[in-house]
Amino acid sequence: MPEEFGAINIISLVAYLVLAPFVGGLLAGLDRKISARMQGRFGPPILQPFYDVSKLRQKEGITVNKVQDFYMGAFFFFIILTGAFFFAGGDLLLVIFTLTTASVFLIVAAYSSNSPYAEVGAERELLSMMAYEPMVLLVIIGFYVACGTFNVSEILAADIPAIVYLPGLFIGYVFILTLKFRKSPFDLSMSHHGHQELVKGLTTEMSGKTLAWLEIAHWYENVFLLGIVYLFVAFADVWSIPVAVVVCLLMYFFETYIDNNYARMKWQIAINSSWIVAVTFGFVNICAIYLLQIFGIIR
């Protein structure tokens with residue numbers, strides 16, 4: 001059995017490293033196409049994100065300073081490392097640690113430009129982290145309480161999907177995905193659409209190859225974030241795999257629906273609502289599972 005899991009983990013890791021940017025780019029293209037149709041427009045072709053990145057890579061490399069390039073390179077590296085740990089069946093605590101490290105490098109990269117627009121975007125990104133980090137930590141704790149392990153491979157090998165024990169945490173995680181995907185009403189720090197009043201938030205001073213690598217990093221990140229959704233649904237039964245993939249797609253396009261139907265809210269609302277959801281859905285769910293285990297109702 002360990003050898004079998006090892007082979008599966010290696011295949012998953014290689015598939016993530018090779019296919020994630022293509023899957024992320026296609027999802028971004030479908031997002032833009034669906035958003036356009038919801039707004040009564042025809043919209044760009046589905047492959048437009050790839051055309052945009054290709055054009056950015058052909059532009060002259062102009063950066064405010066070389067330090068920013070270093071920070072962006074570190075952001076790109078840690079984003080890929082985050083997904084690599086996850087899809088290799090690694091420890092969820094390590095996964096979240098590397099994800100947070102990547103976010104820190106992105107914020108520092110914005111601050112290093114000394115642009116007032118980028119600095120405000122970086123401050124808003126910090127506020128976003130304050131909003132979603134409690135829920136992310138509760139999700140990881142919830143997996144441990146329900147499954148008895150932080151290991152992704154062992155969670156996927158369970159006899160029952162984690163969502164059966166963690167419905168509240170699933171709802172809370174979908175809520176903070178709006179922040180992680182940077183979609184309205186919580187696209188505070190930057191936006192992939194034209195309605196960002198802070199020019200382009202923390203990416204204001206980024207262009208050319210730097211911006212191209214940032215887009216690719218976001219594609220990797222989005223696939224990883226959907227991987228957490230997959231972890232809630234998939235389990236030892238092979239038929240759970242297509243079901244989990246469908247749930248991931250539904251959640252992604254649900255976020256697209258939210259993005260196109262709600263105006264941006266203030267950062268105070270983002271933090272307050274995220275913490276309220278973390279307590280009411282996340283913390284209560286964990287407490288309920290823990291009590292049921294104490295009384296022997298569930299294992």
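Asn114 counts as exposed, at 60% relative accessibility (buried means under 20% relative accessible area, exposed over 50%, and partly exposed in between, with a 1.4 Å probe and protein chains only). The model is predicted, so local features need pLDDT of at least 70 and side-chain atom pairs count only at pLDDT 80 or more, while totals for chains, interfaces and linings use all residues. Residues are numbered from 1 along each chain as its sequence is written, and side-chain values use heavy atoms, with hydrogens and water left out.

Asn114 sits in the loop between α4 (92-111) and α5 (116-147); helices (H or I, at least four residues) and strands (E, at least two) are DSSP runs numbered from the N terminus. The phi of Asn114 is near 60°, a positive value in a residue other than glycine. Most residues other than glycine have a negative phi, and most peptide bonds are trans. Arg182 also has a positive phi, of about 55°, although it is not a glycine. Arg182 lies in the loop between α7 and α8 and counts as buried, at 9% relative accessibility. The loop between α7 (167-180) and α8 holds Pro185 as well. The peptide bond from Ser184 to Pro185 is cis, with omega near 10°.

The salt bridges come next. Side chains of opposite charge can pair when their charged atoms come close. The structure holds 6 salt bridges, each a side-chain nitrogen of Lys or Arg within 4 Å of a carboxyl oxygen of Asp or Glu. One of them joins the side chains of Lys183 and Asp31, at 2.3 Å from N to O. Lys183 belongs to the loop between α7 and α8 and Asp31 to helix α1, so the pair ties together parts that are 152 residues apart in sequence. Lys183 and Asp31 are both buried.

Another salt bridge is formed by the side chains of Glu221 and Lys180, at 3.2 Å from N to O. This pair links distant parts of the chain, with Glu221 in helix α8 and Lys180 in helix α7, 41 residues apart. Both Glu221 and Lys180 are buried.

Arg264 and Asp187 also meet through their side chains in a salt bridge, at 3.1 Å from N to O. Since Arg264 is in the loop between α9 and α10 (267-294) and Asp187 in the loop between α7 and α8, the pair ties together parts that are 77 residues apart in sequence. Arg264 counts as partly exposed, at 25% relative accessibility, whereas Asp187 is buried, with a relative accessible area of 0%. Salt bridges that share partners also join Glu125, Lys180, Arg182 and Glu221 into one network.

Empty space is the next topic. Rolling a probe the size of a water molecule over the atoms shows where empty space is left. On a 1 Å grid over the protein atoms alone, a pocket is an open set of points where a 1.4 Å probe fits, with protein on both sides within 12 Å along at least five of seven lines, and lining residues have an atom within 4 Å of a point. The largest pocket has a volume of about 910 Å³, where the volume is the space filled by probe spheres set on the grid points, which are joined across faces, edges and corners. Of the 30 residues that line the largest pocket, Ser12, Phe87, Leu156, Tyr230 and Ile241 are the closest to its centre. At least two lining residues come from each of α1, α3 (66-87), α6 (152-156), α8 (208-233) and α9. α1 gives the most to this lining, with 10 residues. The lining divides into 24 nonpolar, 5 polar and 1 charged residues (Ala, Val, Leu, Ile, Met, Phe, Trp, Tyr, Cys and Pro count as nonpolar, Asp, Glu, Lys and Arg as charged, and the others, Gly among them, as polar).

Helix α1 also holds Asn9, which is buried, with a relative accessible area of 18%. The C-alpha atoms of Asn9 and Ser153 are separated by 7.9 Å, although these residues are 144 residues apart along the chain.

On the surface, Leu26, Leu30, Ile34, Met38, Ile46, Leu47, Tyr51, Phe254 and Tyr257 form a nonpolar patch with about 750 Å² of accessible area together. Patches are made of residues with over 30% relative accessible area and no salt bridge, with nonpolar side chains (Val, Leu, Ile, Met, Phe, Trp, Tyr) joined within 5 Å and like charges within 9 Å; accessible areas come from the Shrake-Rupley method with a 1.4 Å probe, and for residues only the protein chains shown count as cover. α1 (2-38) and α9 (240-259) each supply at least two residues of the nonpolar patch, and the largest share, 4 residues, comes from α1. Tyr51 of this patch lies in helix α2 (residues 48-58) and is partly exposed, with a relative accessible area of 46%.
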